[in-house]
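Please keep the sequence and the structure in view while reading.

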Amino acid sequence: MSHQHLSPLREPLVSEARTLGQLTEEICAPMERPPTWKWWAAFAIAVSILGTGAGIVAYQVGTGIGVWGLNKTVGWAFDITNFVFWVGIGHAGTLISAILFLFRQKWRTSINRAAEAMTLFAVMCAALFPVIHMGRPWLAFWVLPYPNDRGSLWVNFRSPLLWDVFAISTYFTVSAVFWYVGLIPDLATVRDRAKAGIRKAVFKVLSLGWTGSHRTWSRYETVYLLLAGLATPLVLSVHTIVSMDFATSVIPGWHTTIFPPYFVAGAVFSGFAMVLTLMIITRVVLGYEHLITIRHLENMTKVIIVTGGIVSLAYGTEVFIAWYSGNEYERYAFLNRAFGPYAWAYWTMVTCNVVSPHLFWFKKIRTSPAAIFVLSLVINVGMWFERFVIIVTSLHRDFLPSSWSMYTPTMVEVGTFIGTFGLFFTLFLLFVRVLPIISIGEVKSVLGFARAEVPVDAEPRKPAHSAPEPLPAVQGPMAAPALALVTRKDAPV
C-alpha cells in the first residue's frame, strides 16, 4: 500500500494501511483464537484478588462493619472514598462516547468501546461500597421507592444518599443501553463469522436481526445520536449529585458551592487517566499500535491537561475562599489539611494532581507510551488521595476538640478496596475475550481519514448468503466511504 498518498496536514487515525477485511480479522482475532498464557496469567491473578475480596466482604457482612476503622468522629472513610473514586473513573467512558461523538471527534473511534465497558465495570465496583456500608446489605432494596407493605416506612427523598441511588442506577442503565446499541453492528459481524453452534446462536439473538441495510443503518444512527444526547447531561449530573453528599452539609471543608464542577472535572481527569492505563496495555498486548495510535494517546493527555488545570484551580479556589470567608472553622480545616497529621496525604494529592499533569506540556512526554502509562497511574493515585483528604481530614477534627480522633484503615477495608480491582480487571479481561474491544464499524468509517484513497482487497470475494445488497453511501456522523460500514466479513468492498 506504499502508493497511497497521505495528507500533509493530518495524520491517519489508522496508522498502517489496511483493507476492510483485514480490520475485521484483526479486531475479531482475540475472540476467535485460544487465549494466550499471558491472558490466563492475568485472569488468574484478577480472579484470585476478586476471590480474596469476596471472602473479606463475606466476613464483614457476617461480623458487622465494626471491623472497619470507623469511630465516633470519622463515620465515613474508606467506603465513601472508594465509592467516589470508582464513580469518577466511570465518567470517561460516557464522555468519550457521547460528548466527543456529538462534537464529531473522529479520534474517539478506537477507544470508545473499551471506555464504555470500563464505565460499566467501574460503576459496579462503586455500587458495592454504599451497599456494604448499610450494614445489612440484604435490605438494600429498601432504598428503592416502590409500593410496599411496610406501613409508613418510605425513602427519604431529601437525603443526598438517596440521590446517589437514583443517579448511579440511572447512569448505569443509560450507559449500558448506549454501550449495547453501539455493539449491535459488531455483534452481527461476529454472528456471521461464527460457525454453527451455541456461539452463533447467542450472537444471533444479541444482534437483534441486524441486516446492514440502508434503513437499518439510518435508524441505528438516529438512535445512537439520541442516546448520546441523553447520556451527555448524565456525565455532568451524576458526579454533581455525588458532590452534593458533601456540599449540602455544614462540615468545614465540605460546605462549598464549588464542589459540583470541581467533582465533574476531577472525574473526567481520573477517568481519562484510567482509560490511558488500559489502552496502553491493550495496544501492546493485542498489537493494536496502528489502531490506538500515538495521536489517540496524545489527544487524551491534552484532555488531562485541561481537566487537571480545572482541578488545580479548584484547589486554589478552596484555599482562597477559606481565607477570604473569615470563618475560623473553615480556615482551620484547610490549615489542618496542609499541616496537620494527614499533611502527607494532602501533599501527595497536590504533587500527583497539580504537578504531574504539567509534564504533558512537553510533546516528548505526551507522545511516549511509557511516560504516559506512569503518569496515568500517578494521577489515579492522586485522585484517590483527593477523596481521602476531602472526607477524612474534614471529619477527624470538627467543631468540638474533645471529639477529635484519628482514623486508620483496617486490613478489612484495604482488602475490600483491593478486591474491587480484582472485580474490575476480571470483567475487563472477560470483555476482551468475548466482545470486540474496538468498534469495527466506526474504525472502518475513519479508515480513509487523511488518505487520498481507501485500501481495498486485491481480489473481491464472493459474498456470503447473508451479505446485504449494494447500498448507496450512508450519510451522517458514522458514514464511511463505499461499503466501509458493512460489517460482514465476506461482503465485497
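In this predicted model, Leu208 is exposed, with a relative accessible area of 57%. Its place is in the loop between helix H7 (198–206) and helix H8 (214–247), and its phi is near 55°, a positive value in a residue other than glycine. Most residues other than glycine have a negative phi.

Arg104, found in the loop that runs between helix H4 (91–102) and helix H5 (112–133), likewise has a positive phi, of about 60°, although Arg104 is not a glycine. The table sets out the two residues.

| Residue | Phi | Relative accessible area |
|---|---|---|
| Leu208 | near 55° | 57%, exposed |

The largest nonpolar core holds 124 residues, of which Trp86, Phe246, Phe272, Phe431 and Ile437 touch the most other members. The element that gives the most to this core is helix H9 (residues 259–285), which supplies 14 residues. Apart from this core lies another, made of five residues, among them Val67, Trp68, Ile132 and Val412.

Which residues is Ile437 in contact with, leaving aside its neighbours within four places in sequence? They are Arg113, Ala114, Thr282, Leu286, Tyr288, Phe428, Phe431 and Val432. One of these, Phe431, is itself named with Ile437 among the core residues that touch the most other members.

How values were computed:
Residues numbered from 1 in each chain as written. Predicted model: local features only at pLDDT ≥ 70, side-chain atom pairs only at ≥ 80, totals over all residues. Heavy atoms only, no water. Core = buried A, V, L, I, M, F, W, Y, C linked by side-chain atoms within 4.5 Å. Buried < 20%, exposed > 50% of the residue type's maximum accessible area, 1.4 Å probe, protein only. Helix = DSSP H or I, 4+ residues; strand = E, 2+ residues; numbered from the N terminus. Contact = heavy atoms within 4.5 Å.
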